[in-house]
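Please work through the exercises below with the sequence and the structure open beside you, and try each task before reading its solution.

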Number of protein chains: 2
Amino acid sequence: MSVIVIGSVAFDSVKTPFGEVEKAIGGSATYFAVAASYFSSVRLVGAVGEDFTDEHLRVFSGRPIDLSGLQRRPGQTFYWKGEYGFDLNQAHTLAVQLNVQENFQPELPSHYRSTDTVFLANTDPELQQLMLEQMDDHKFIACDSMNFWIENKPDQLKKVLRSVDMLLLNEAEARQLAEDPNLVKAAGKIMQLGPKHVIIKRGEYGALLFSPDSVFAAPAYPLEFIYDPTGAGDSFAGGVIGYLDSTGTFSEANLRQAIIFGSVMASYNVVSLERLASLSYPEIEERFWEFKKLSHFDGIESAPCQ
Amino acid sequence: MSVIVIGSVAFDSVKTPFGEVEKAIGGSATYFAVAASYFSSVRLVGAVGEDFTDEHLRVFSGRPIDLSGLQRRPGQTFYWKGEYGFDLNQAHTLAVQLNVQENFQPELPSHYRSTDTVFLANTDPELQQLMLEQMDDHKFIACDSMNFWIENKPDQLKKVLRSVDMLLLNEAEARQLAEDPNLVKAAGKIMQLGPKHVIIKRGEYGALLFSPDSVFAAPAYPLEFIYDPTGAGDSFAGGVIGYLDSTGTFSEANLRQAIIFGSVMASYNVVSLERLASLSYPEIEERFWEFKKLSHFDGIESAPCQ
């Protein structure tokens, strides 16, 4: 069992009320791959520039992450600069330099072409489509996107969505894509575009999973210290997709557990990428059980006195 | 077993994107009493003016709601005018007329003075204190408040909190009272002011219960139609406190179930006060079980393959 991911490998400069980092390794595929690698093996598709050194690759080393689909291209690595205020739910983009991402054409190594589980991390929907077209076989496709692609490439995104089993979006993106302010109705409209399942990410409020016959509400882990939410959505997806792939089935029960594992990974991500990258599996499982306690309440045995 | 509540009985004019109502019956004690009356009997303390007719009292009739502590005073009933945009989490106050609420002095009927469970609904903390001082005996005191009292009568509010077992606040109010943007830390600081339990209400995101040794995250019910959130926090409190009183114990397990019953009542409240007032107990219990399904996920039996 393996997961294939296409997305960005990037340098991020991030300022938060708690500190500032310059050109740290980031990108949707990076966070996703590190988180998913605790559960399954990962095949990464992406591009980096000449400024991306072996030292930077160290975040992937010692993990079941196959980098034969990571192209090193002439030029600079994709760069994002952003800032968070005390409302850590909202990133403010200060600069984006596409660099080697601009004319990147994914070329899948032959052993990537048949992979059970596919994750199209947040990137240009034309790249997502190009990767899907190179695949011979897969069981389950999950996809992320963002406001920029919903606004600028809606038709290309909708084409991708016709093949997708599960879409992950945040609340504002779901409302924007469906053109409906009500999330329940928005999820229903998105399902009509293709995905059988829609996960709506709500940051510190948790996540909702809409399936054909049910809704699941997952809490977020209440944290005393949140240092940097960059990548939290991608490591959430890594936990969800990595765990799902490891189970080999995509049942509602597995999907719900997967969302909790995704929430576990996000809860470590918001401390730091280093923390996310230095976990032990027992720590992950322990926090899974903390989520169980966090959301547990007893059923009622009899009606109250009235 | 009974619940005593002090709060406002009011006329509300509310505009939402879905419609407008003029001088409908509202107020924190009204919503609370109607919701709590499905679980326990309620003793109401408040004041109305000469414009409050027997016709208006009909919302309380046929329910176990004792109105002998509701004073009819010369003048007009408390009036609130507000508006909601598409973000139904945030009310915009357009007008407030205190009217008979201004010089209201609660005087408890003698049979009110010993009541197991006390709810100090959102009102002037000096009134909350005056009511507490007239009570001979009680088991559990819960309290609500708002930004206005936190800003304008912080010392009086903190005096009340020293006697309180459980405080209910929304997120912004919790941050403001504790002077801490992090909710986990804010809840800890509020507990040091007196309350053993702090419930943080998050509207469409559910609620958090902080207790000395645990945290509970309750989801909100995902609704396709939300017409008017006025009173949702009060009917939430009515479900919580009414159910708790009906069980006679204030254990963590009962508190968690109580929060789900509160969430059930709020989910009907946001349709309309009429809907809230016309429920059957089986409908309430059915939605409780829907909350159980909404938040259920299986435990893990063994580690994934990795």
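The exercises that follow treat the relation of the chains, their contact, a sheet and the nonpolar core.

This is a predicted model, in which local features need pLDDT of at least 70 and side-chain atom pairs count only at pLDDT 80 or more, while totals for chains, interfaces and linings use all residues. Residues are numbered from 1 along each chain as its sequence is written, and chains are lettered from A and ligands numbered from 1 in the order in which they are written.

**Exercise 1.** Find the turn and the shift by which chain B can be laid on chain A.

*Solution.* Copies are superposed by least squares on the C-alpha atoms of residues with pLDDT of at least 70 in both.

**Exercise 2.** Describe the side of chain B that touches chain A.

*Solution.* Begin with the count: 43 residues of chain B and 43 residues of chain A take part in the contact, where two residues are in contact if their C-beta atoms, placed from the backbone, lie within 7 Å. Next, look for the elements, which are DSSP runs numbered from the N terminus (helices are H or I, at least four residues; strands are E, at least two). Those supplying at least two residues each include helix H8 (232–247) and helix H11 (281–295) of chain B, and H11(B) gives the most, with seven residues. Finally, 100% of the interface residues of chain B are also interface residues in chain A, so the copies meet through the same surface.

**Exercise 3.** Trace the open sheet of nine strands in chain B.

*Solution.* The strands, which pair if DSSP finds at least two bridges between them, follow the order S5-S4-S1-S8-S9-S10-S11-S12-S13 with mixed pairing. The edge strands are strand S5 (65–72) and S13 of chain B, each of which pairs on one side only. Within the sheet, strand S10 (residues 166–170) and strand S11 (residues 197–201) of chain B pair in the parallel sense over five bridges, and B:Leu168 stands opposite B:Ile199 in S11(B).

**Exercise 4.** Which residues touch the most other members of the largest nonpolar core?

*Solution.* A nonpolar core is a set of buried Ala, Val, Leu, Ile, Met, Phe, Trp, Tyr and Cys residues joined through C-beta atoms within 7 Å, and a residue is buried if 20 or more other C-beta atoms lie within 10 Å of its own. Of the 192 residues in the largest core, A:Val5 and B:Val5 touch the most other members. Leaving aside neighbours within four places in sequence, the contacts of B:Val5 include B:Phe32, B:Leu44 and B:Phe119.

How values were computed. A residue is buried if 20 or more other C-beta atoms lie within 10 Å of its own, exposed if 12 or fewer, and partly exposed in between; C-beta atoms are placed from the backbone.
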